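Trainee: I would like a close look at one part of this protein. Could you take me through it step by step?

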Amino acid sequence: MMSDRLQEISTMEARILVVDDEPRLLRSLVDLLEEQGFIAVPALGGRAACELLTRETFQLVMLDLRMPEVDGHQVMQFIQDRKIEAPVIVVSGESSFTAVSRALRRGAEDYIKKPFDPEELLATVGNVLQKQALAWAHRNVQMRLEKSEELHRYIVNTSPDIVFMLDREGRVCFVNRKIEALLGYRPAELIGRHFRHLIDEQDVARGTYALQDPAISAENPRTFEIRLKTRGSRKANRYFEITAFPIGDDSGQFLPHEIRRSHTSDPCIYGSARDITERKEAEAFINFQAYHDLLTRLPNRALFKDRLMLAITQAQRNRQKLAVMFLDLDRFKVVNDTLGHAMGDRLLQAVTQRLESCLRKGDTLSRFGGDEFTLLLPAISTHNDARKIARKLISVLKEPFQLGEHEVFVGVSVGIAVFPDAGQTMDQLIQCADIAMYHVKAGGKDGYRFYSETMSIDTANRLSLERDLRQALTNNELCVHYQPQVASDTGEVVGLEALVRWQHPERGLLYPRDFLPLAEETKLITELSECVLDIACRQMKRWIDDGHANLRLAVNLSPLQVDHPRFVQNLIAQLKAISFPPENLEIEITENVIMNDLEQISRKLQELAEHGIRIAIDDFGTGYSSLNYLHRLPIHTLKVDQSFVRGIRSGEDGACIVNAIVAMAHGLRLDIVAEGVETDIQLAYLRNLGCQQVQGFFYGPARPASEINTLLSSRAPIQAVV
């Protein structure tokens, strides 16, 4: 019986070259080996053996020594000269010490004397093959280890991140060459230096604590963000995301050879540092624009309200007064319409500078929108304090403004609401100041008034419009126009945004700004939104059935509609009722809707995404921007607000914001739609930036369904109309 080991080897079908000059013995050897599963190749004589060794590969050579012409010793010399990796077993009738010794010196693995015992010969064959297999496996492992180390060294040194190791004292044991490209230091000059010397002074304490935290482990690596020093200017310090974890005691064999050969302390911490400077700058841009007006650099409405709420709390605690002023520029529209938007923007910037010169330390001036400003005066003693500021504001704006060759004049109407007389809450104070400002406008402009309870708002028009809006929902007076969303590189219409219009029986076609604020105030917005969604989906379904299977419908949803407990169920049921494919629908919501209740919105949007519905963030960057929700929510598209796109035309910071938003969206693998594209310059800029889709007056205003039918039927790229 053969041993299990030999049976394993026989299944390998090893190729064995059998060399002998006696045909009968040669045949018997071949038959014996083939019975055991080996592939035995006969060679009659040494010359035939050399020819076979030249052409073919063998795992073993069984060789007779005494042969005519070319003997066994010459065959072994042939094998050595050509570095053929095949072990040799000598099977010979010569048994003298000299013959055996000479054969072994020539490289023979073993020596079997004729006549041989078959079991002994097979056992010898098995042993030699196993030894050869182990040797080959060892060489293979060594080669793989060498290649692995070379690959590891290549990966570490060509990594886009800084890779480093620290000893137990926090000194640098190893750092790859990337540090020279990012920070300007050569790796050799940092070896042995403490890592805190690389950290910006303001972040030393945080970085030291993070790397020395006892809770850090391989299963719980520490990730944190710090600034690292660059060689040269301190202003050039860059932000990095550090990921670090301890190295186990048994990991020394996997360390880079530079460390294993060095005399530094054993490494204790392994980590990488990823340069996130561009991301931090993008976040800074977005965070700034979330709370500031980009044109005037003033706090925006969100930041003003935050500060007003804080001021109210302090005023209540200290039993003090505060004042809220609502400022509206007089004659600004005339300047803007006459000289153009660019001059209008310059005028707003000049007005801002003059207004800021009148403020006390701690006052907050905010651009509320358009040519409207709000001013918070915390901790005033009497109404007279607010009166003095109001007079100063009016006075400082009476002087003419020089805009290029033009000298223009504007005034300001100021409404004032004093806490706690005019109201107890933020919204009450702003509303009362607004009401007081409108009374100034009605009385001749360019002045100021304090809010009083005797003031009233003309509600006749509001009540009439509310009644008509309720009838419009009953009489199907609402209609939908569609604004094309166009692929920036091909001009193909890839989507349509549904925009509501009201065909009023007396006033004609009304736009959203004329009735949506009232609809939201009267809670009719939910019914209105559902009506618009139904009209748009039914129309889009007809276009899809006509062969535009990939066309996407974008619909804005109101906050009240999204907040409804059965929002998801109602929307899905509405789509199923008309067999509308969910993947062709993209709902647009604003950041403010998300941040009102992130947990609830996250759950609802996740359900919609599971049904195939796409989610878009409308007017991205104009609300409470937070990168956190972009990771948590199933968002597919960011819509860049038209105010930023307009900045491309005028070279303002809006262009920088567009750059930042597009770069961030690419990093998060989100689609980008730029709103408000009006010129070929803006289109070219966005296309080069990698913005996939655009919409705006460059391709014309929103159109009724009949015109969209014509556009889609042509199946040609949409043409610009400006």
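Trainee: By class, how many nonpolar, polar and charged residues does the lining of the largest cavity have?

Mentor: Keep in mind that this is a predicted model. The lining of the largest cavity has 15 nonpolar residues, no polar ones and no charged ones. Now look at the space itself. The largest cavity holds about 180 Å³. The count comes to two cavities of 30 Å³ or more. Of the 15 residues that line the largest cavity, the closest to its centre are Phe164, Phe195, Leu198, Leu228 and Ile242. Find those five in the structure. Next, ask which strands take part. Strand S6 (162-167) supplies at least two residues of the lining.

For another view of side chains meeting, turn to two helices. The axes of helix H3 (residues 46-55) and helix H4 (residues 72-81) come within 9 Å. They cross at roughly 15°. Angles under 35 degrees count as roughly parallel, so H3 and H4 are roughly parallel to each other. Their crossing is right-handed. On the H3 side, the contact is made by Gly46, Cys50, Leu53 and Thr54. On the H4 side, Val75, Phe78 and Ile79 make the contact. By class, the residues of this contact divide into five nonpolar, two polar and no charged.

Terms used: Residues numbered from 1 in each chain as written. Predicted model: local features only at pLDDT ≥ 70, side-chain atom pairs only at ≥ 80, totals over all residues. Heavy atoms only, no water. Axes fitted to C-alpha atoms, helices over the stretch in contact; angles between N-to-C directions. Helix = DSSP H or I, 4+ residues; strand = E, 2+ residues; numbered from the N terminus. Parallel < 35°, antiparallel > 145°, perpendicular 65-115°, else oblique. Left-handed = near helix turned anticlockwise from the far one by under 90°. Contact = heavy atoms within 4.5 Å. Nonpolar A, V, L, I, M, F, W, Y, C, P; charged D, E, K, R; others polar. 1 Å grid on protein atoms, 1.4 Å probe; cavity = no way out; pocket = protein on both sides within 12 Å on 5 of 7 lines; lining within 4 Å. Points joined across faces, edges and corners; volume = space filled by probe spheres on them.
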